[in-house]
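The report below is for reading beside the model.

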Amino acid sequence: MRAGESFVSAPGKSILHGEHAVVHGKVALAVSLNLRTYLRLVSTSSGEVCISLPNIHTFRSWDVAALQSLLSGRKAACGSSEELDLELLERLREFAGVTEGSTDSGGLAVLAFLYIFLAVFAGAEALPSLRVCLWSELPTGAGLGSSAAYTVCLSAALLSTKGTISSLLTQQQETARWSDKDLDLINKWAFLGEKIIHGNPSGVDNAVSTWGVLRYHAGKITPLSRVPLLRILLTNTKVPRSTKLLVSGVKDKINKFPSIMAPVLESVDAVSRTCELTLEEMTTEGASAQHYDILEELMDINQHHLNVMGVGHPALDTLCRVTLARGLHSKLTGAGGGGCGITLLRPETPTWAVQEAGQELREAGFECWETSIGGPGVLPHSPSSLPQGVLDVLTSC
């Protein structure tokens, strides 16, 4: 096991195009959102394992000996990244006091941490003493992949500490990128954590948080490397919604009007594919005004399609109206019915337009962040590469 201190970060996720259509076999593009979750792991000699999650006011610690006893008879069974060891998970539920079907975010986060920790170190001679702190820029429950960023950070840090994947950073480096083989292993462990938290996730959120940008089609996830960094305004309408009900509503509409809805789904598929080609051109040929024109038109087209599917909302209409009044183009991202939306910002977009739009949206009760999409997935860091405010939080845990 590697001793010392390590820092890791992983991004949230946004669906650029293909929401809902992806459920019916069409292409979706999912991109990293540069609001990140950060982790600090410190090896100690305290005989304890501690986790601090200040965003959700969760702070827990356990004796290593108590955790070790939970592995009795399970070491061979639980060390796999391919599937959950349901018996170990049941032991952990009882140990941590997290009942089946619980929606308590703190309890589920603790459960996922304990499982990944014990399973990753199951084959070791003894469990290590560790202190782990995570802090996130992502809001929880907004459909932006906060839980996936959490499980990806945990998986990368614990696998690196165990020595299963490379530790990467030399003293001269501020950050680096793991190999595809290491990223694949991080993604598999993170997916197990997502299953613990969500039950039956698609795997898209943890894959985006691991790789950065991907295409999702017919259950196949393909990481994309040729994608530019795009500035956006992210808006959370804070309107609650049920993804399950929205997905069901789209299915009902398709069944009721198959000849009308089938072309809509095909058009959304074409939007995703056209956007993918445009992003690749922007990377290989250099971004032009014409490229941004295409991206804006695609956002407008897809937003209209999503309204046709019945997943729009007056709050999202407000977002589109407020931003379009400043020449900016927006669409919902994710399930719709409220939730979040993204607004594309061109390189020449004036600061006043972004500030005015943000101010009007906040006055409507929304939350806004100026950020970017298309950045890197999970990364190791040196302390000097982290924002000072983030470092202050992580080192105070």
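## Model and conventions

This is a predicted model: local features need pLDDT of at least 70, side-chain atom pairs count only at pLDDT 80 or more, and totals for chains, interfaces and linings use all residues. Residues are numbered from 1 along each chain as its sequence is written, and side-chain values use heavy atoms, with hydrogens and water left out.

## Nonpolar cores

The largest nonpolar core has 90 residues. A nonpolar core here is a set of buried Ala, Val, Leu, Ile, Met, Phe, Trp, Tyr and Cys residues joined through side-chain atoms within 4.5 Å. Buried means under 20% relative accessible area, exposed over 50%, and partly exposed in between (1.4 Å probe, protein chains only). Phe113, Phe117 and Tyr150 touch the most other members of this core. Helix α4 (residues 105-120) gives the most to it, with 13 residues. Helices (H or I, at least four residues) and strands (E, at least two) are DSSP runs, numbered from the N terminus.

What does Phe117 touch, leaving out residues up to four places away in sequence? The list is Val49, Leu67, Leu127, Pro128, Leu130 and Leu158. Contact means heavy atoms within 4.5 Å. Phe117 is buried, with a relative accessible area of 0%.

## Aromatic pairs

The structure holds three aromatic pairs. Rings of Phe, Tyr and Trp (its six-membered ring) pair if their centres lie within 6.5 Å; planes under 30 degrees apart count as stacked, over 60 as edge-to-face and the rest as tilted. Trp62 and Phe113 form a stacked pair, 6.2 Å centre to centre, with 25 degrees between the planes. Trp62 sits in strand β4 (residues 58-63) and Phe113 in helix α4, so the pair ties together parts that are 51 residues apart in sequence. Both Trp62 and Phe113 are buried.

Phe117 and Phe121 have ring centres 5.4 Å apart and planes at 50 degrees, so this pair is tilted. Phe121 is buried too, at 2% relative accessible area. Ring pairs link Trp62, Phe113, Phe117 and Phe121 into a cluster.

## Helices

Helix α5 (residues 146-162) has 17 residues. Its span from first C-alpha to last is 24 Å, close to the 24 Å expected at 1.5 Å a residue. The expected span is 1.5 Å times one less than the number of residues. Of the 17 residues in α5, 16 are buried. Gly163 follows α5 and has a positive phi, near 95 degrees.

Helix α6 (residues 180-198) and helix α7 (residues 204-211) have axes that come within 9 Å and cross at roughly 145 degrees. Axes are lines fitted to C-alpha atoms, for helices over the stretch in contact, and angles run from 0 to 180 degrees between N-to-C directions. Residues of α6 including Leu183, Ile186, Ala190 and Phe191 meet residues of α7 including Ala207, Thr210 and Trp211.

## Loop residues with positive phi

Ala218 has a positive phi near 50 degrees, though not a glycine. Ala218 lies in the loop between β6 (213-217) and β7 (220-223). Is Ala218 buried or exposed? Ala218 is exposed, at 63% relative accessible area.

Lys238 also has a positive phi, about 65 degrees, and is not a glycine. Lys238 is in the loop between β8 (230-236) and α8 (243-256). With 48% relative accessibility, Lys238 counts as partly exposed.
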